[in-house]
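Okay, thanks for making time, everyone. I'd like to walk you through some charged pairs and then a bit of sheet, so let me put the model up.

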Amino acid sequence: MMKNNFYDVIVAGGGHAGCEAAHAAARTGARTLLLTMNMDHIAQMSCNPAIGGLAKGQVVREIDALGGIMGKVADASAIQFRMLNRKKGPAVWSPRAQCDRVCYQRAIKRELEICPNLDVRQGELMSFVMGNGQIQGIKTQFDDEFLCKAIALAPGTFMSGRLHYGLSHFAGGRAGDFSSDALPAALKGQLGLKLARLKTGTPARVLAKTIDFEKMELQEAEKVGRLFSFFHSDVMPRAVRKDMPCYIVKSTRRTGEIIRENIDRSPLYGGKISGVGARYCPSFEDKIIKFPHHETHLLFLEPEGEFTEEYYLNGISTSLPVDVQVEMLRSIPGLERSIISRYAYAIEYDFLPPEQMLRTLQLKKWPNILPAGQINGTSGYEEAGGQGLVAGMNAAKIAEGSEPAEFGRENSYIGVMIDDLTTKDIVEPYRLFTSRAEYRLSLRQDNADLRLCQFAKDNRLIDSAKFEEFSEYREKFDIAVKALEAQTPGAKELKEKILGFGGIPENIPGGLPLEMLGLKNDPLSKRVLEQIAINVHYEGYIRIEKREVEKMRRLESEKIPEDLDYSNMKGLRNESRSKLLKIRPTTLAQASRIDGVTPPEIALIQVHLKKIAGAKNRK
């Protein structure tokens, strides 16, 4: 039994949120402990073995620009890479990598194990160590006590997790892992926090030798110049193949009939599951019942890795009984003789409704606890990783006695996500889309380093070698921007050529007169050209966005006291008053984004704040 072993930061949970949290805290210099229930399942890809996607790819690039590990490990373990949304403008292009599941997990584990200031231990958080009305540490099932100054909580789907296979159900955090019942009990019993239930699911996996790929459409990897990471990194282990194909197929009318014939055996429709599922990643039975006008549905067969013959069936998540799963799959072209290696299931779990936390990810009631990932009601590895990085960074700041930092909606998708979580009612697993970001022309995947690397340097999240690499690129980019703004004849000619090719970087041929801008035609300059091409393409729109950002910043600068009394504020409707009391926005900008709070009510709050300030000044 170990007593009173002290850390600055403790991270509970070894999933994607916990890994980024622990690595971020340690990078800043905080002595950090990562506690996980299973050392061999750190950074496990419980669902799809892929990183990135629409809006999610932007988050991965942001994590990378902030010194995180998800992007560089995704690059190392990638077995296929694609840039989604290429038919649209560069503002909504999103990178996505199909990864080798085992390679990704092993590489993340190694990155944590070699990270200075970070210890990784196997154990389960059972309760919190309390003293003087504050949380001072944690206790494990081995009766070990670890004291600390701040805790990042990242339990994923493990809190009171329950797996559903038809009308049969079992306790578990995911297939093959125990659930955590002690942590939710401690959150409710010791800390007095409110919990609720959510649900998610995963499809079946099928053995490749039982699939007839000739009946499916081949989806090959794209050849791209740059993957996720902006930096040169030596990550091990690495996948050898980068060109493994995926396959596309459609379900049949018979597939839908099988669902309808067995819908009474679904726990989702039989009332066995109380948690709400993800609207944007529905179960296959939801697709059939709620969208009867669609007779068939697209499915994607994706390899689980370079040295395994399992394929992940993206698009056919289900909680139906295993015999129905077999019948369903065998009604699909190419899967008539398929053998399921792992059955699909739904998982129901506890989460913390996020109105209980601030935009720093601190709990309002316990400011040295910072939840991150699915505990906050989100879905997806990328959303979890982004929150984890913020939680780890701010836990380290709390430990050293400095002010935690916020990410704004104007500088990152991470900021958009956290603001949404703390401002809107979360009744289903939240996932990011580019449409959620009002400043998406500026928040592109290609410029995450320009937006965030300086912040990372200022907050000790990025090392000097990476920052030097970024600074070299930024210097050349700044030269190009100034030269274009100077409106020289050469700059005008370059602008005209860029616009002549639609402003799309991949359409612009090599050999353009970069020397007009004082740049040499080297790989860094090629990226400079890509950036200025996009900026020229969106120039007018970005100018409008910047004006909107300035308006929003003025509202963000108007702070709302934590104890502002909305209950007696005249002119507020009851609905608005109730939401303001529940969410407790910290600024006028955040208050303006609460659903149902109207512009006249924001003006009313603004007048009230001025009266309070005037009364204080008179004193």
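So, E336: at 34% relative accessibility, this residue counts as partly exposed, where buried means under 20% relative accessible area, exposed over 50%, and partly exposed in between, with a 1.4 Å probe and protein chains only. Quick caveat: this is a predicted model, so local features need pLDDT of at least 70 and side-chain atom pairs count only at pLDDT 80 or more, while totals for chains, interfaces and linings use all residues. Residues are numbered from 1 along each chain as its sequence is written, and side-chain values use heavy atoms, with hydrogens and water left out.

What does E336 pair with? It forms a salt bridge with K215, with the closest N and O atoms 3.2 Å apart; by salt bridge I mean a side-chain nitrogen of Lys or Arg within 4 Å of a carboxyl oxygen of Asp or Glu. E336 sits in the loop between helix 8 (322-329) and strand 20 (340-342), and K215 in the loop between strand 15 (205-207) and strand 16 (217-219), so the pair ties together parts that are 121 residues apart in sequence. Helices here are DSSP runs of H or I, at least four residues, strands are E runs of at least two, and both are numbered from the N terminus. K215 is partly exposed too, at 46% relative accessible area.

Next pair: D449 and R527 meet in a salt bridge, 2.9 Å from N to O. Buried or exposed? Both D449 and R527 are buried.

Then there's R593 with E556, where the closest N and O atoms are 3.1 Å apart. R593 is in the loop between helix 17 (588-592) and helix 18 (599-618), while E556 is in helix 15 (residues 539-556), 37 residues away. R593 counts as buried at 15% relative accessibility, and so does E556 at 16%. The overall count is 47 salt bridges.

Four strands make an open, mixed sheet in the order 1-10-9-8, where two strands pair if DSSP finds at least two bridges between them. Strand 1 (5-6) and strand 8 (125-131) are the edges, each pairing on one side only. Strand 1 runs parallel to strand 10 (residues 145-147) over two bridges, and N5 stands opposite F146 in strand 10.
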